[in-house]
Amino acid sequence: MDKMKVSYEVMLGLAAEMLLDEAVLKYRMDKLYAAIDTALASGDKDTFQRLTDELKSLHV
């Protein structure tokens, strides 16, 4: 029974880590989209390109 408890705790830890990773990724993507919108609105092509490249790298 002890071994099952340890396995369960490990699985809960992994699930929590996955949830946190997903939340951080969503936050970063939201910030990138907002910055991309700002770069588009101001006509800043260099910033737009850099931010879209960074966004693409998150989708890999």
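Trainee: How far apart are the mean positions of the positive and negative charges, then?

Mentor: For the 8 positive and 11 negative charges of the protein chain, the mean positions are 1 Å apart. This is a predicted model, in which local features need pLDDT of at least 70 and side-chain atom pairs count only at pLDDT 80 or more, whereas totals for chains, interfaces and linings use all residues. Residues are numbered from 1 along each chain as its sequence is written, and side-chain values use heavy atoms, with hydrogens and water left out.

Trainee: How many helices and strands are there?

Mentor: The protein chain has two helices and zero strands, where helices (H or I, at least four residues) and strands (E, at least two) are DSSP runs numbered from the N terminus.

Trainee: Switching to Met4, is that residue buried or exposed?

Mentor: Met4, which sits in helix α1 (residues 2-42), counts as exposed because its relative accessibility is 62%, given that buried means under 20% relative accessible area, exposed over 50% and partly exposed in between (1.4 Å probe, protein chains only).

Trainee: And what share of the residues is buried?

Mentor: Buried residues account for 12% of the 60 residues in the protein chain.

Trainee: What box do the C-alpha atoms fill?

Mentor: Along the principal axes, the box is roughly 65 × 15 × 10 Å.

Note on methods: Lys, Arg positive; Asp, Glu negative; His and termini not counted. Charge placed at Lys NZ, Arg CZ, Asp CG, Glu CD.
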